[in-house]
Amino acid sequence: MQDHAHSCIDRIITPEERVSAMARRSGLSGRRSRQLARAAEPMAPRPARMALVGEKLWDPGDVLRVRFLDGDPDVQVRVANCAREWLDHANLSFEFGTSPEAEVRISFQERGSWSYIGTDALLIDGNRATMNYGWLDAATGDEELTRVVLHEFGHCLGCIHEHQNPAGNIPWDRDAVYAYYGGSPNFWSRDQVDQNLFRKYDVDRTRFTELDLESIMLYPIPTEHPVGDFEVGSNGELSERDQEFIATIYPGRVPSVQGLVLDGGPLEAGIGSHGEVDTYVVGVPEYGVYTFLTEGPSDVVMSLFGPDDLGLLVGEDDDSGPGLNASITRALEPGTYEVHVRHYWSDRTGKYRISFSEGT
Ligand SMILES: [Zn+2]
C-alpha cells in the first residue's frame, strides 16, 4: 500500500459561469470567441450531461498566454519549465507573462490542485484562477511538482482523467474508495468521489481507445480500491500514449518551438540536426531593456523578430556573448517576439543554453 496522495479535483462549469462567460464574448478575438461558444454550448440544452473533451480543445497552433496570480517566483519558474514538456508533443505554445487577457491563470491559494479542462478556461472570469496548486511550494520536491504540473496542464490542454476513460473498466471496490478519499489529505464527499473517479465520459465524445495505466492523467490506484489484482503507482511523467495522444489532438508541431520565461534562468537546448533552427516564443510584458543570451560550447547565431509581426527582424547576433555565443540586448515594446537560434555552421550540431532577462 502506498501513502495517501493528494489528488486532483475535477472542475465543472456552473450554469451561472456559462451565462456570464457568453456575455464577455464580445471582447475576445474571433478564434477565442468561437472556442468559448463551443465550450459553453453543449451543456446548455442538456445540463445533466457531463462536460466532454471534444468541444473543449484549443486549435492546433494556438498560443496560450499564462499568468501567475500569486505564488513564490521560484515555484512559478519551476511550474513553467515543467509545463513545457507537453509542448514537445503538442502543436501549441505557452506564453508566460503578465497579460491581463491570459487564457490560463494560475494560483496557489486554494486547498486542492485542479485545472479547468481545455477551453473551459475561457468561461472563467478574468480575475479568477483557471488552475490551482494547493500543495506546491518552495519545499516541494521535483518529482511531486512534475507529477502534479504535468497532470494539471494535461487538463488545461483538454485531457480528462484517464480512469474516466469510457473504454476503461477498473474493478473498483467503491466503499474502500469512498473511505480513502474521504480521509486526509483530500476529505472528499461521496459526491466528489463519484464526480472525480466513477463518472465516465460519453464514449462518442472522447477520443480515447483503451485505458492507459501509465498515463499522467490517471490517479494512483492503491491495491485495496479495486477488486482483484489491479494496481497503478503514482505516474510521474508523460506516458508514450500521452505523448502520442496529444500529438494527434494538436498535430503539426514544428520541432523546437517553445516558450522562454522572462528571468526564468537558462533553458537547456541543442541544435540536434544539420540546419535546424530552434524557435522560442517570448512575451515582453512592458516597455524596457531586455537581453537574450546563449551560453555553452556551440557557435550559435540568434535572431529576434517582433513585436507581434514575426516577419519583422529586430536584431541578429553571432558572437557578442561569451565565447562563440550570441547576445542581443534591445529596448523592446510590449508584445510577442520570436527568437530563432541556429548553428553558425550548417553541417554541425551542438548543445547550448538560452536565457531571456530584463536589463543588460
Ligand atoms: Zn486531474
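This report walks through the fold of one protein chain, from the overall picture down to a few single residues.

**Ground rules and overview**

What you're looking at is a predicted model, where local features need pLDDT of at least 70, side-chain atom pairs count only at pLDDT 80 or more, and totals for chains, interfaces and linings use all residues. Residues are numbered from 1 along each chain as its sequence is written.

The protein has seven helices and 14 strands. Helices (H or I, at least four residues) and strands (E, at least two) are DSSP runs, numbered from the N terminus. Of the 360 residues, 38% are buried. Here a residue is buried if 20 or more other C-beta atoms lie within 10 Å of its own, exposed if 12 or fewer, and partly exposed in between, with C-beta atoms placed from the backbone.

Contacts tell you about the chain's layout too; two residues are in contact if their C-beta atoms, placed from the backbone, lie within 7 Å. Take the contacts between residues at least 6 apart in sequence: 78% of them join residues at least 24 apart.

pLDDT is the predictor's confidence in each residue, from 0 to 100. The protein's mean pLDDT is 83, and 85% of its residues reach 70 or more. Confidence is highest in strand 3, at 98, and lowest in strand 6 (residues 257–259), at a mean of 71. Go carefully with residues 43–52: pLDDT stays under 50 there, and the model has 18 contacts beyond four places in sequence for that stretch.

**The sheets**

Two strands pair if DSSP finds at least two bridges between them.

A second open sheet has four strands in the order 7-14-9-12, and its pairing is antiparallel. Strand 7 (267–271) and strand 12 (327–332) are the edge strands here, each pairing on one side only. From one strand to the next, the twist averages 25° (axes are lines fitted to C-alpha atoms, for helices over the stretch in contact, and angles run from 0 to 180 degrees between N-to-C directions).

Further pairing involves strand 13, which has bridges to strand 8 and to strand 10.

| Strand pair | Bridges | Residue pair |
|---|---|---|
| Strand 4 and strand 5 | Two bridges | S115 and M131 |
| Strand 9 (288–295) and strand 12 | Six bridges | F292 and I328 |
| Strand 8 (277–284) and strand 13 (335–343) | Eight bridges | D278 and V341 |
| Strand 10 (300–305) and strand 13 | Six bridges | V300 and H343 |

Helix 4 (residues 142–156) has 15 residues and reaches 20 Å from its first C-alpha to its last, close to the 21 Å expected at 1.5 Å a residue. That expected span is 1.5 Å times one less than the number of residues. Helix 4 is mostly covered, with eleven of its 15 residues buried; among them are V148, V149, L150 and F153. The cover includes helix 3 (73–83), strand 3 (104–107), strand 4 (114–115) and strand 5 (131–132). After helix 4 comes G158, with a positive phi near 110°.

Now for helix 7 (residues 240–249), where D242, F245, I246 and I249 are buried. These four sit on the same side of helix 7 because they cover an arc of only 90° around the axis, the arc being that of the directions from the helix axis to the C-beta atoms. E240 and T248, on the other side of helix 7, are exposed. As background, an α-helix has 3.6 residues a turn, so residues three or four places apart point the same way.

**Two residues to look up**

L238 is in the loop between helix 6 (190–198) and helix 7. L238 counts as buried because it has 23 C-beta neighbours inside 10 Å. Leaving out residues up to four places away in sequence, L238 touches E85, L150, I216 and Q243; L150 is itself one of the buried residues of helix 4. The C-alpha atoms of L238 and M217, 21 residues apart along the chain, are separated by 8.6 Å.

D175 lies in helix 5 (residues 174–182). D175 counts as exposed because it has 9 C-beta neighbours inside 10 Å. Its C-alpha atom is separated by 9.8 Å from that of R190, 15 residues along the chain.
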